[in-house]
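Hi everyone, thanks for coming. I'd like to walk you through one structure today, so please have a look at the screen.

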Amino acid sequence: MSCILSIETSTDVCSVAVSQDGTCIYHQEDFSGHNHADRLGSFVDEAMSFTDSHAIPFDAVAVSCGPGSYTGLRIGVSMAKGICYARDLQLIAIPTLQLLAVPILLHHELEDDALLCPMIDARRMEVYAAVYDRALHEVRPTQADVVDHDTYKAYLEEHPVYFFGNGAKKCMDIINHPHAHLIDGILPQAKYMFPLAEKRHATQQVEDVAYFTPFYLKDFVAKMPKKPF
């Protein structure tokens with residue numbers, strides 16, 4: 001199996017975790033927001049001290065790759081790359097929206113045909129969202145959504161759909177469908193990265209440390225069609 005250091009900084013939460021053989025054995029989190037530059041270094045140092053004291057060598061570093069905050073992702077990815085270079089480790093990129101789905105799958109009872117719609121908040125009624133089935137197969141890829149009553153109607157007519165993440169709560173009154181369910185309080189956290197990270201490590205789905213860049217929210221904005229005045 002493997003020992004993986006996980007770093008998550010895509011939103012206001014800053015968190016670090018260590019997993020070994022399918023179990024999270026260490027984690028640190030800060031929920032106060034906008035402290036990534038101050039807290040991440042000490043969290044990583046403490047995680048490394050923990051593994052070194054137990055003579056557990058790292059095999060890889062996993063980092064949340066977005067979509068997410070430009071500043072947060074830049075800090076997290078820079079730290080992950082630095083560790084990979086210093087310790088000659090592999091780099092694993094974890095999509096933030098998939099990460100949000102992990103605690104739902106671990107801790108909630110869902111219908112067999114349920115769909116998952118993690119959302120990251122943007123301004124007004126805009127979110128960055130994807131749609132997955134229970135196996136985390138992509139039903140609809142990540143994109144920027146301006147949410148109205150019809151945005152997810154095609155999925156809601158056929159399936160129960162669970163909405164979560166920091167962009168979900170503001171959308172529920174507008175979505176307003178009997179098959180739409182909100183799971184509140186779900187945030188991207190490093191301690192939930194291990195199922196995704198260990199699967200990618202086992203299949204050698206790793207990144208080129210020199211050239212890897214995260215998936216910034218601004219990338220969506222650049223690709224969105226310009227509206228005429």
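Before we start, one term: when I call a residue buried, I mean that its relative accessible area is under 20%. And please keep in mind that what you see is a predicted model.

Let's begin with a helix. How many of the 12 residues of helix H3 are buried? The count is nine, so H3, which covers residues 96-107, is largely enclosed by the rest of the structure. The buried ones are Thr96, Leu97, Gln98, Leu99, Leu100, Ala101, Val102, Pro103 and Ile104. For anyone tracing that helix on the screen, a reminder: an α-helix has 3.6 residues a turn, so residues three or four places apart point the same way.

Leu100 comes up again when we turn to cavities. There is one cavity of 30 Å³ or more, and the volume of the largest cavity is about 30 Å³. Leu100 is part of its lining, together with Thr11, Met119, Ile120, Gly165, Asn166, Ile186, Leu187 and Pro188. Sorted by class, that lining has six nonpolar residues, three polar ones and no charged ones.

Now for the sheet. In what order do its five strands come? They run S3-S2-S1-S4-S5, in an open sheet with mixed pairing. At the edges sit strand S3, residues 23-30, and strand S5, residues 90-94, each of which pairs on one side only. From one strand to the next, the twist averages 20 degrees.

Let me zoom in on one pair. Strand S1, residues 3-8, and strand S2, residues 14-20, run antiparallel and are joined by six bridges.

Helix H6, residues 194-202, lies across S1, S2, S3, S4 and S5, and it runs at about 130 degrees to S5.

Where is Asp150 found? Look in the loop between strand S8, residues 138-146, and helix H4, residues 153-156. Is Asp150 buried, partly exposed or exposed? Its relative accessible area is 48%, so Asp150 is partly exposed. From Asp150 to Asp52 you go 98 residues in sequence and 52 Å in space, C-alpha to C-alpha.

Terms used:
Residues numbered from 1 in each chain as written. Predicted model: local features only at pLDDT ≥ 70, side-chain atom pairs only at ≥ 80, totals over all residues. Heavy atoms only, no water. 1 Å grid on protein atoms, 1.4 Å probe; cavity = no way out; pocket = protein on both sides within 12 Å on 5 of 7 lines; lining within 4 Å. Points joined across faces, edges and corners; volume = space filled by probe spheres on them. Nonpolar A, V, L, I, M, F, W, Y, C, P; charged D, E, K, R; others polar. Buried < 20%, exposed > 50% of the residue type's maximum accessible area, 1.4 Å probe, protein only. Helix = DSSP H or I, 4+ residues; strand = E, 2+ residues; numbered from the N terminus. Pairing = 2+ DSSP bridges. Axes fitted to C-alpha atoms, helices over the stretch in contact; angles between N-to-C directions. Contact = heavy atoms within 4.5 Å.
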